[in-house]
Amino acid sequence: MAVGSTRPAMIHDVAKDHLMVTWKNVVVAIYKHETTVAGVASVKRVYNTCVAAHPGGVFLITIVEQGAPMPPSEVRDLLANFLEGGTGKTLMSAVVHEGSGFRAAAVRSVVTGLAMLARLSYPHQVFGSVEVAARWFASASGLNADELAEAIAEARSRATQSSTTARAG
């Protein structure tokens, strides 16, 4: 498993609805608005690339930003199939739904249902913040929770700056 360093996360894909990032052997899928078929295809590509580079296994963290709606059933099915395909490759999986209240609880329940449908063979939990999910990963691995959370925050900031610059140009 990875041992802490301060290298920045690598941004693989920035789109209106998603951001795909890796840091060490961690795949980070961030759904900013709609969770789309294209977003699922993107995370699959990034995940497969990371698995090839880290045959000992990878961690998967999916972040659903506050206000993002529940994905349509077609996309939920694709996500369930993707998660199920991680057997033997995914060490741990976390979903973070940022936000609180009924909407956040509803999204968390859909995610929990997806994991149950997929009958995942690896640990999978749902959290309310990146920091708590990072601590969960760190509790069972050599990952540094603070560095992981910082790398994700920094990548999100870079992606926001680059998309703002692209719109201004």
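**Salt bridges and the nonpolar core**

A: Glutamate 154 is partly exposed, with a relative accessible area of 30%. In this predicted model, its side chain meets that of arginine 158 in a salt bridge, with an N to O distance of 2.7 Å. Arginine 158 is likewise partly exposed, at a relative accessible area of 30%. Both residues belong to helix 5, where they are four residues apart, about one turn of the helix.

The count of salt bridges comes to five. Another of them joins glutamate 65 to arginine 156, whose closest N and O atoms are 3.0 Å apart. This pair links distant parts of the chain: glutamate 65 is in the loop between strand 4 and helix 2 (73-84), arginine 156 is in helix 5, and 91 residues separate them. Glutamate 65 is partly exposed, with a relative accessible area of 22%, whereas arginine 156, at 18%, counts as buried. Together with Glu98, Glu65 and Arg156 are linked in a network of salt bridges.

Because glutamate 147 lies in helix 5 and lysine 24 in the loop between strand 2 and strand 3, the pair ties together parts that are 123 residues apart in sequence. Lysine 24 counts as buried, at 9% relative accessibility. The phi of lysine 24 is near 55°, a positive value in a residue other than glycine. Most residues other than glycine have a negative phi.

The discussion now turns to the nonpolar core. The largest one has 27 residues, of which Val26, Val28, Ile61, Ile63 and Phe137 touch the most other members. At least two residues each come from strand 2, strand 3, strand 4 (58-64), strand 5 (90-97), helix 4 (130-139) and helix 5 (145-168). Helix 5 supplies the largest share, seven residues.

Beyond residues up to four places away in sequence, valine 26 touches Val21, Cys50, Phe59, Ile61, Leu143 and Leu148. Valine 28, in strand 3, is buried, with a relative accessible area of 1%. Apart from its neighbours within four places in sequence, valine 28 is in contact with Leu19, Met20, Val21, Ile61, Ile63 and Ile152. The C-alpha atom of valine 28 is separated by 9.9 Å from that of methionine 10, 18 residues apart along the chain.

How values were computed. Residues numbered from 1 in each chain as written. Predicted model: local features only at pLDDT ≥ 70, side-chain atom pairs only at ≥ 80, totals over all residues. Heavy atoms only, no water. Buried < 20%, exposed > 50% of the residue type's maximum accessible area, 1.4 Å probe, protein only. Core = buried A, V, L, I, M, F, W, Y, C linked by side-chain atoms within 4.5 Å. Contact = heavy atoms within 4.5 Å. Salt bridge = Lys/Arg side-chain N within 4 Å of Asp/Glu carboxyl O.
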